[in-house]
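Colleague: I have a model open and would like to talk it through. Can you take my questions as they come?

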Amino acid sequence: MFVSFPQMPDKLTATEQEIVEYITGHRDEFLYMTIGQLSAALDVSEATISRFARHVGCCDFKHLKRVVIEQTVQKGPAQKLTNTLQMRREDFLNDWMEQQQYNLQKTLELLDQDEFSRAVKAIRGAHRVFLYAKNASRAPAQLLEFRLGRIGIDVRRIPSGGSELLESLSSMCADDLVILFGFSKVSAEGRVILNYQKRAGFKTILFTSRVYHDEKHRADINLFVYRGEESEYHSMSAPIAVVDALVLALSAQMGTAAVDRLEAIRKMKIEYGKQL
């Protein structure tokens, strides 16, 4: 779950967005911090943090912490995992697998379930589904393309950039859906897609590792995935898990239509498999 405040202004400054990001992504650490420690962690003044607290409807920093405490459920396994990772570095495989458990748990806590349900509904209702991803984010995008195609969804990839991207956008209509993989930031091409959406009317879903985007960089539906801290090696475990969860939830809603498609593929493999 995202942290909610007594009042959320329509517009936050870049510094205030960073404060929201930090509090939401580091709840346990934040609850034990003084205003001075938070100031040092974010490299902002204590006065800036105090102004932020008042801007979101809190009387002061202590009130801000009480608001977060009321929304936070302390989870033993998460704290245990954090301690383990701080103490052990000799067993890379074990440490990495434990880190993935933490990433998945963090994603489950911060991913809005209503947004997830809306994403499933949007995919099912779309005439065509377009995918946009660059660099490492192509991996979960390719998996989603494969999974959706197998259950009969008309899914296509948007070229990574240039005139080919614009030509692809020009063919889209209001019944289409674009799924973008942005994670830490929305690329220049992603911003073009979100901007053109206003003209063409298609819907958008954004996979993101940011808990807050300003209006220019927000999609209709935003799916949060935790991939590790900014300074860490970023994992694709959470994005891939959410991709598979989307496909499973979609298949459940489609019922026999999804199963029939897979059965047809199985029969074709039996008939033609030896010839390929």
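Modeller: We can go through the sheet, then a helix, then a serine.

Modeller: This is a predicted model, where local features need pLDDT of at least 70 and side-chain atom pairs count only at pLDDT 80 or more, while totals for chains, interfaces and linings use all residues. Residues are numbered from 1 along each chain as its sequence is written, and side-chain values use heavy atoms, with hydrogens and water left out.

Colleague: In what order do the strands of the open sheet come?

Modeller: The order is 2-1-3-4-5, five strands with parallel pairing. Strands are DSSP runs of E with at least two residues, helices are runs of H or I with at least four, and both are numbered from the N terminus. Two strands pair if DSSP finds at least two bridges between them.

Colleague: Which strands stand at the edges?

Modeller: Strand 2 (155–157) and strand 5 (221–224). Each has a single partner strand, so one side of each is left without a neighbour in the sheet.

Colleague: And strands 3 and 4, over how many bridges do they pair?

Modeller: Six, between residues 177–183 of strand 3 and residues 203–208 of strand 4. Phe183 stands opposite Thr208 in strand 4.

Colleague: Switching topic: which residues of helix 8 are buried?

Modeller: Glu115, Phe116, Ala119, Val120, Ala122 and Ile123 are buried. Buried means under 20% relative accessible area, exposed over 50%, and partly exposed in between, with a 1.4 Å probe and protein chains only.

Colleague: What arc do they cover around the axis?

Modeller: Only 165°, which puts them on the same side of helix 8. The arc is taken over the directions from the helix axis to the C-beta atoms. An α-helix has 3.6 residues a turn, so residues three or four places apart point the same way.

Colleague: What does the face turned away from that side carry?

Modeller: The exposed residues Asp114, Lys121 and Gly125.

Colleague: What do the buried ones pack against?

Modeller: Among others, strand 1, helix 9 (138–150) and helix 12. Contact means heavy atoms within 4.5 Å.

Colleague: Last topic, Ser187. Where does it lie?

Modeller: Ser187 lies in the loop between strand 3 and helix 11. Ser187 is partly exposed, with a relative accessible area of 22%.

Colleague: Which residues is Ser187 in contact with, leaving aside its neighbours within four places in sequence?

Modeller: Tyr132 and Lys134. The side chain of Ser187 also reaches the backbone nitrogen of Gly190 at 3.0 Å.

Technical notes. A polar contact is a pair of N or O atoms within 3.5 Å; within protein, one must be able to donate a hydrogen and the other to accept it, and residues adjacent in sequence count only if both atoms are side-chain atoms.
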